[in-house]
Amino acid sequence: MIKLTNITKIYGKGDLEVPVLHGIDLTVEDGEFIAIMGPSGSGKSTLMNIIGFLDYPTAGTFELNGEPIGSAKERVLARLRNEHIGFVFQQFFMFPRDNAIKNVASPLIYAGVSKRERTERAKQLLDKVGLGDRMKHLPSELSGGQKQRVAIARALVNNPSILLADEPTGALDSKTSEQIMELFTQLNAEGKTVILVTHEEEIAAYANRIITIKDGLIIDDRRER
Amino acid sequence: MNLLESLKIALSSIWNHKVRSVLTMLGIIIGVAAVIIIVAIGQGARKQLTDQMFATDKNAIDIYYEYMPKEGEEGMYWQEPQLTTEDIQTLAEVPGVKAVVGINHAGGQVVYSDTQGDLQITGVGSEYFTAKKIKIVEGRPFYAADTDGLNRAILIDTAARKKFFKETENPIGSIVDINGNPFKVVGVYQSPVPEQYRSSEGELLMPRTVVSMMFGNMEIEQLSVIASDSEKISETGRLAADTLTMKKKLEDGRYTTQNFEEYEAELNKTITLLTLLIGSIAGISLLVGGIGVMNIMLVSVTERTREIGLRKAIGATRARILLQFLIESATLTSLGGMIGIGLASVATILVTKFSPIGAAMNPLIVLIGVSFSALIGIIFGILPANKASKLSPIDALRYE
Ligand SMILES: Nc1ncnc2c1ncn2[C@@H]1O[C@H](COP(=O)(O)OP(=O)(O)OP(=O)(O)O)[C@@H](O)[C@H]1O
Ligand SMILES: [Mg+2]
């Protein structure tokens, strides 16, 4: 469970201050499938980064499973990212010289998992996302959809409870987007909390809760079905 | 944290930029190779010089005359006192003295049947053979009667025997001509001088009294004392020199000994100074190399900003990133150091092969070389690694 209370975020300092989030209150229960929508520049990515421990809020409180994170040390945040969060980005972000298996296995290096087990688990997950026949390929030898599958496998490899995806289908065609969304639906059905950002209604329709942000505030929060 | 893992990542990233890595390592390679070659040659030279110093006999010390006039009595010309067999006998009785050797030198043209050659002549006394442990191959050494009786006898060394006589021929008793005078060969000896300092023409021994008479030089030009205890060589030498000064009742001069310790200390000082000088040049080259490494690592950090952001996003801590880059730069410089050592060993082998200096590579220096270059990598890697570790993950990921 994630609980955000009155989260604000201001970029920059002094005259260059850019206030982005103006007090976000949000509770995410385990197993939810949430889509965050809103106009460009409204602060969706900023919010995702805060939820994913990639960035600090300027003010407000953050609880993970009832524990206040507060102003945790960088080392603690790194561990939280590694253990609790799986991040999927619009631009995929791969290690270009590593093959699919190594890319998927990479978070496990920082979890201190042995090489053999890392390879084992990476292979399992590549199978799960339907890339069993592309294990030894480099990112440059994969299509956009395949890269995003590798990225999802990587996000899942350390068995996190929360999957965050910032416009995961933003760079994909509608057919491929559909396949990726079916994968997210399946993962949610298996118990993962999924939070994704999207601009498209069809993508948001896969979620069972849709939050709309505008100018750094939640202006709509509705549950489907 | 798994060091081996980080080392593998570092090696693959160095391998991915082969050309750049080699160019970056160049400064380190040259620096390390230079240091090791210099040290190896320095040690070789020192050993050679020491060997040369003690080439003849470790227990022997030379006694020579020093002109020391009283104030206001300095003359333009002075004459060294004459020494004779009698003086040698006196010195032989000084405590701690095992033997005394007096020799003089000359050179002469030797002719025998169709062969002729210019040979070094050493004038010796009968004591020479036991004191210097001369090995007589054929015939006999000199006896006291040969020196006292001005016997025109010679011993030739094995090289001269080879030059003038056939192997089957018996040289003993043959008459050879030296500067127009007939001499009788009484023996063949093995020269005690190490081969590389010896003339290939050959040498011969003659009674020193005969040399003095024939060439007009002093009967004893070089006087050396052999001590029974090599530890007390300087002491014994000094005692012998003082005894001789007293016996000769010298007024404006004295006998003294060469001081090996002083000489050796001087030599060591020179070599140390030279090593220090060249060492500092090598140090500067290593410094420049280190700055090159730092520069490349900074470029690498900028290039890999996104990779760093991604590593952080998947759970790498700041310390982990820091370590990764430190290991990378240390690996880079260690590799450079190893290549430098490789080059140095090739150079050392070549020097040993093609010059008289037996350059010796010290295994310790290899170890120091590698650790030192790793240290350079760590020192000059701190700045770039720190820069990498401080990147914020989102800024790094957003970097174009
Ligand atoms: N590092 C930063 N420094 C200053 N301003 C920033 C920074 N990052 C983001 N912003 C600003 O914050 C606002 C929100 O950015 P954010 O990326 O969260 O928007 P978004 O909702 O994800 O937009 P999009 O749909 O286009 O991705 C924008 O106006 C952006 O310019
Ligand atoms: Mg965004």
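Predicted model: local features only at pLDDT ≥ 70, side-chain atom pairs only at ≥ 80, totals over all residues.
Local features need pLDDT of at least 70, side-chain atom pairs count only at pLDDT 80 or more, and totals for chains, interfaces and linings use all residues. Residues are numbered from 1 along each chain as its sequence is written, chains are lettered from A in the order in which they are written, and side-chain values use heavy atoms, with hydrogens and water left out.

**Exercise 1. Describe how chain A and chain B meet.**

Step 1: Start with the residues. Chain A and chain B each bring 20 residues to the contact (heavy atoms within 4.5 Å).

Step 2: Turn to the area. The two chains bury about 2000 Å² between them, with 62% of it on carbon and sulfur atoms; buried area is the accessible area (1.4 Å probe) lost on putting two parts together, summed over both. On chain A, 32% of the area buried against chain B comes from A:Phe93, A:Phe95 and A:Tyr110, more than any other three residues supply.

Step 3: Look for polar links. Four residue pairs, both at pLDDT 80 or more, are in polar contact across the interface. There are zero salt bridges between chain A and chain B.

**Exercise 2. Find a salt bridge of A:Asp55 and place its partner.**

Step 1: Apply the rule, a side-chain nitrogen of Lys or Arg within 4 Å of a carboxyl oxygen of Asp or Glu. Over all chains, the search finds 21 salt bridges.

Step 2: Pick the pair. A:Asp55 bridges to A:Lys9, with the closest N and O atoms 3.3 Å apart.

Step 3: A:Asp55 sits in the loop between helix 1 (44-51) and strand 4 (59-64) of chain A, while A:Lys9 is in strand 1 (residues 2-11), 46 residues apart.

**Exercise 3. What lines the largest pocket?**

Step 1: Count the lining. It has 32 residues, and A:Phe95, A:Pro96, A:Arg97, A:Asp98 and B:Arg311 lie nearest the centre of the pocket.

Step 2: Sort by class. The lining holds 13 charged, eleven nonpolar and eight polar residues.

Step 3: Find the main contributor. Helix 1 of chain B gives the most, six residues.

Note on methods
1 Å grid on protein atoms, 1.4 Å probe; cavity = no way out; pocket = protein on both sides within 12 Å on 5 of 7 lines; lining within 4 Å. Helix = DSSP H or I, 4+ residues; strand = E, 2+ residues; numbered from the N terminus. Nonpolar A, V, L, I, M, F, W, Y, C, P; charged D, E, K, R; others polar. Polar contact = N/O pair within 3.5 Å; in protein donor to acceptor, adjacent residues only side chain to side chain.
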